[in-house]
Amino acid sequence: MVLRFTPSGIYCPAGDFYIDPWRPVDRALITHGHADHARPGNAAYLATPSAAPVMRHRLGDIALETISFGETRQIGDATVSFHPAGHVPGSAQIRVAVKGEVWVASGDYKTVDDGLSEPFAPVRCHTFITESTFGLPIYNWPDQTALASQINAWWAATAANGQTAVLGVYALGKAQRVLRLLDTAIGPILTHGAIEATNAVLRGQGLSLPATIPVTPDLDPKSHPRALVLAPPSALGTPWMRRFGPVSTGLASGWMALRGIRRRRAADRGFIISDHADWAGLNSAVAATGAERVFVTHGYTNHFSRWLTEQGYDAGIVETAFGGERLDADEDMTK
Amino acid sequence: MKRFATLFSALDQTMRTGVKTAALAAYFNDAPEDDRLWTIALLSGRRPRRTVTTTRLRAWAAEAAGIPPWLFEACYPVVGDLAETIALVLPPATRESDRTLSQWIAVLRALDKADDDTRKATILGAWDQLGTVERLVFNKLITGGWRMGVSQKLMTRALSTATGIAEADLTHRLMGDWTPDTASWATLIEAPDPTADLSRPYPFYLAYQLDQDPHALGHVTDWLAERKWDGIRGQLILRGANHYLWSRGEDLMTDRFPELAQLVDFLPDGTVIDGEVLAFADDRPLSFARLQPRIGRKTVPRKLLAEAPVILMAYDLLEWGGQDMRPRPLSERRAQLADAIAALPPDLPLRLSPAVPASGWSDLAAARDQSRDIGAEGLMLKRLGAPYLAGRKKGDWWKWKVDPLTIDAVLIYAQAGAGRRATLYTDFTFAVWNGDDLVPFTKAYSGLTDAEFGQITAWVRKNTLERFGPVRSVTPHHVFEIAFEGIQPSPRHKSGVALRFPRMVRWRKDKPLHEANTLDDLKQMLAQYG
C-alpha cells in the first residue's frame, strides 16, 4: 500500500510522512488550511505557497516548507507532488507515487471554478481517496452566476427595506468567494473580525478583494446604511448581531439545498453555495482519475462507496476525523 | 404554477408573519380566480384526491434520475420529505410550462381513470417542464402533507387584506363542506348565498389555558363555570329539516352519531348548538376510551350503539330560529338554551352542561380538584357578558384543566423527525421497569427545547446499540418526566396501557436510571383513572 490509514491519519510508509494528520507527527503534508486538515503540533509541515500564509496565521510559528503546484519532490522512496483541488485558495490534492504505483489523496475539493481558488485539475492515478460530504444525488449545485444574482437581489431588497443584510459564511474560502460575487454598487460591506483577519492574509498574498469595513466595537453601523455584513455562521443569532438593528439573515452553504435544514437554522434565506463537490462533481472527479480503486472518506461514505462499487470501482470506506462542511463549524476559531 | 411556486418560496423564505401575510395578500390580488380558490383549499387542508401512489412516484423518480432504488431510499431520510427528495434528485428540466396551478391540478385529477403508462408519461413529462421549486409544489399536490408555514388564521388575514372583507366573516365563509368543484371565488368569498350551504358551521370559539390566578378574572359571579367534558367537541346544526354534526377540525361526523338524528323532530329549524359529544350511560359520562371506537368509523354497527350510546352535552346556543345568536351575551344564549332543553322529553340525547355553582373562587378550585372523579378534564370559565367569538381568543373564555398525570420513564428508542426536524432525533419511545426489564409504554415527540433536542441527538448518535431501519435503540440511561392527560387499557400494547397526549415535560438529569417508575405504578394509575 502506497498509503495506509492509521489512527494518526493517512500515512505513507515509503516516505515516512502523513497527509493531514489529526495527531501530531514528525512530517505532515497538508492539503489546505482549514482547521480539520491543518492541525497544530506537527514537527514539520509541507504545503503550497498559497496555502502557507493562512496556515502561519492560524498555527503560528510552524516549521513550514512550501511546494509549488506540479513540482515533484522525493521524500524517502516516495515521489510527491501537489495539484489544485479547487476547494479554497492554495488547496491541493496530493499525488504520491511509489515504484510506479500512484495514489492521490484529494483532501476537500470542488470541480467548479469559483474564480478564486486554483481550479481543480484531475490527476490520473491507480487509487483515489475522495471525500463524500455531499455524496448523495440530492446535492446538485446551482450555477454560480445565478447564485450571485440571488444574493445581490436579497441584499438590494433588504437595503431597500431599511434593514441590514447579515450573511453567514466560513472565514476561509467561502467569505472571499462571496465577496467577489457581491455587487458593491448596492452598499458597503462590513466584516466580522474572524473574516477580516482571513481577508487580510489573502490580500497579503496578492488576492484582490473588494473593500471591506471591519466591525469593531467603536463602529457605528448606522453610519453605514444599506450594508451587507459577512460573519461566521456561529455569530448569527448571538448578541454580537444586536448592533445592526433590524436585519435579514442569510446562510451560504451546500446544506441550504435542504429545506428542512434551512428552516431549522431559522435564517431568512439560504444560498446554496459550497466549496465541496456536488453529486455530479464527485462522480466526474472520480471518473477523471481513471482510478480502479477508490477510498471514500468523510461524508455519506456508505452510500457513495456502494454506488461506486455498483459502477464497477473497487471502493472502500475509510474512517477519518475530517469534518467536511459543517454549519456549526469550529473552523472559525482563527487563533 | 410559476406564480404559485414564487408564493411558496416567498412564504418559505421568511419567519415573519407580516411578510407572509403581505405575500399571500398580493397573491390573492393578482392570481387567476381558480388559482386563488385552490390556494385557499390547499391551505385549509383540502387537496385533490390522490391519483398516483407514492410507490410509483419513488420508482419513476429513481429511474428518471438514473439511480438505483436503494440510493433514492437513502436520500429520503436525509431530506425528510418525499416531494422534496424527488424534486432534488431529478435532472434539470429541459422545457418550460405556462400551466397555472389549477391547470396542473386538472392534469393530475385526469389521471384518476388513466392506465399506468399514461400516468407515468404524464408525471415524467411534468417533471421535465418544471423548475425545482415548481416540482416540489407539484409533488406536494400529489402526496399531500403541506407545510407551508401558513396557518388558516394567517391565510384568512391575508384574504381579508386582499378583499376588504372582515376576517370573522371570511372565517365563517371558509367553513364547511365546500371544495373548489362546488364553490367559486364569487360564491365562496365575494357574495356568499347564506342558503347555499345549510350545513355550514360557525367557527368554533376556543379557549386558552388559564395561566394566572383565577382571582385576577374578577368576581366569580361574572362567570359561568362548567365541566370541561372529555369527549369530542361538536357543533350540531338543524336546518332545512336536516341535521349536521361538525367536529372542531371541520370533519362532518353526522353519520357516526345517528342517535342525534331524532333531535330534528323536537327542536325548531334554524338551531345550532355547540357542545360535547360524550359516551354516556346511567346519568354519567363514560371514559373517552369508550367513545373512541366510534370515532374512526363512518357508520356504526348496532352493537357499538348499545355499548357506547352518545349524547350531546350542550354548552352554547349559536343560532335560534335562524337568528345568529353569537353577538348576544352568554347569559342570554345560555338562558335560551336551558329553556329549549327543559321543554324536551328527558330521554333525548341532549343535555345542558350543568353550571358548577360557586360563591367564591375557592369553591371552583375545589370543584376542579374533583374533575377526574367525575370523568372531566377540569373546568371551563366563560364570561357571562361575552359574545361567542371565532377562533382561539384570550379574555372571555378560559380552560382551567387539572394538572396532567406524570410518570418518570426511561428513553429506549429514538427516531429522527421529519421535515424541519429531519436531522434531529425527536421521536422517542419510553419504558418503565418491570422487575429488571424495561417495558415500552409510550412514544413522545414534543416538550423539549431545540437545544435539548440537539443535545439528545448528539447523545443518541454516540450511544446507539442497534439500528432497526430509521429507529435506533439506545443505552438505557436518560430518564424523562412524561406528562399525559389520560390513561386507558390497551390490549395492543405490551404494557397493556395507552396514554392520551403524552409529552416530555422535563429531562430528569437528576434522576438515576433505576429510580424511574414501574409498570405497577402505571397499572395503579389505570385502576384509578382509566
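**Close-up views of a predicted two-chain model**

**View 1. Helix H7 of chain B and its packing partners.** In chain B, the buried residues of H7(B) pack against helix H1 (2-12), helix H2 (17-30), helix H3 (33-43), H8 and H9. Those buried residues are Leu101(B), Ser102(B), Trp104(B), Ile105(B), Val107(B) and Leu108(B). Buried means under 20% relative accessible area, exposed over 50%, partly exposed in between (1.4 Å probe, protein chains only). Contact means heavy atoms within 4.5 Å. Helices (H or I, at least four residues) and strands (E, at least two) are DSSP runs, numbered from the N terminus.

The model is predicted: local features need pLDDT of at least 70, side-chain atom pairs count only at pLDDT 80 or more, and totals for chains, interfaces and linings use all residues. Residues are numbered from 1 along each chain as its sequence is written, chains are lettered from A and ligands numbered from 1 in the order in which they are written, and side-chain values use heavy atoms, with hydrogens and water left out.

**View 2. Helix H6 of chain B, residues 82-89.** Eight of the eight residues of H6(B) are buried, so this helix is largely enclosed by the rest of the structure. They run Leu82(B), Ala83(B), Glu84(B), Thr85(B), Ile86(B), Ala87(B), Leu88(B) and Val89(B). Their packing partners include helix H5 (259-264) of chain A. From chain B come helix H4 (54-65), helix H5 (69-79), helix H8 (116-127) and helix H9 (132-143). Asp81(B) caps the N-terminal end of H6(B). One of its side-chain oxygens lies 3.0 Å from the backbone nitrogen of Ala83(B).

**View 3. Pro92(B), in the loop between H6 and helix H7 (101-109) of chain B.** Pro92(B) is exposed, at 69% relative accessible area. Leaving aside neighbours within four places in sequence, Pro92(B) is in contact with Asp128(B) and Arg135(B). Pro92(B) and Asp363(B) lie 271 residues apart in sequence. Their C-alpha atoms are 69 Å apart in space.

**View 4. Glu196(A) in helix H4 (residues 193-204) of chain A.** Glu196(A) counts as buried, with 14% relative accessibility. Its side chain makes a polar contact with the side chain of Thr212(A), at 2.9 Å. A polar contact is a pair of N or O atoms within 3.5 Å; within protein, one must be able to donate a hydrogen and the other to accept it, and residues adjacent in sequence count only if both atoms are side-chain atoms. Not counting residues up to four places away in sequence, Glu196(A) touches Thr191(A), Arg203(A), Thr212(A) and Pro214(A).

**View 5. Chain A as the setting for Glu196(A).** Chain A holds seven helices and 19 strands. Its radius of gyration is 20 Å, close to the 20 Å of the globule rule for 335 residues, so chain A is as compact as a globular protein of that length. The radius is taken over C-alpha atoms, and the rule is 2.2 Å times the number of residues to the power 0.38. The C-alpha trace spans about 65 × 45 × 30 Å along its principal axes. Of the 335 residues, 62% count as buried. Among contacts with a separation of 6 or more, 60% join residues 24 or more positions apart.

**View 6. Chain B as the setting for H6(B).** Chain B has 18 helices and 22 strands. Its C-alpha atoms fill a box of roughly 75 × 65 × 50 Å, taken along the principal axes. Buried residues make up 52% of its 530 residues. In chain B, residues 24 or more positions apart account for 70% of the contacts with a separation of 6 or more.
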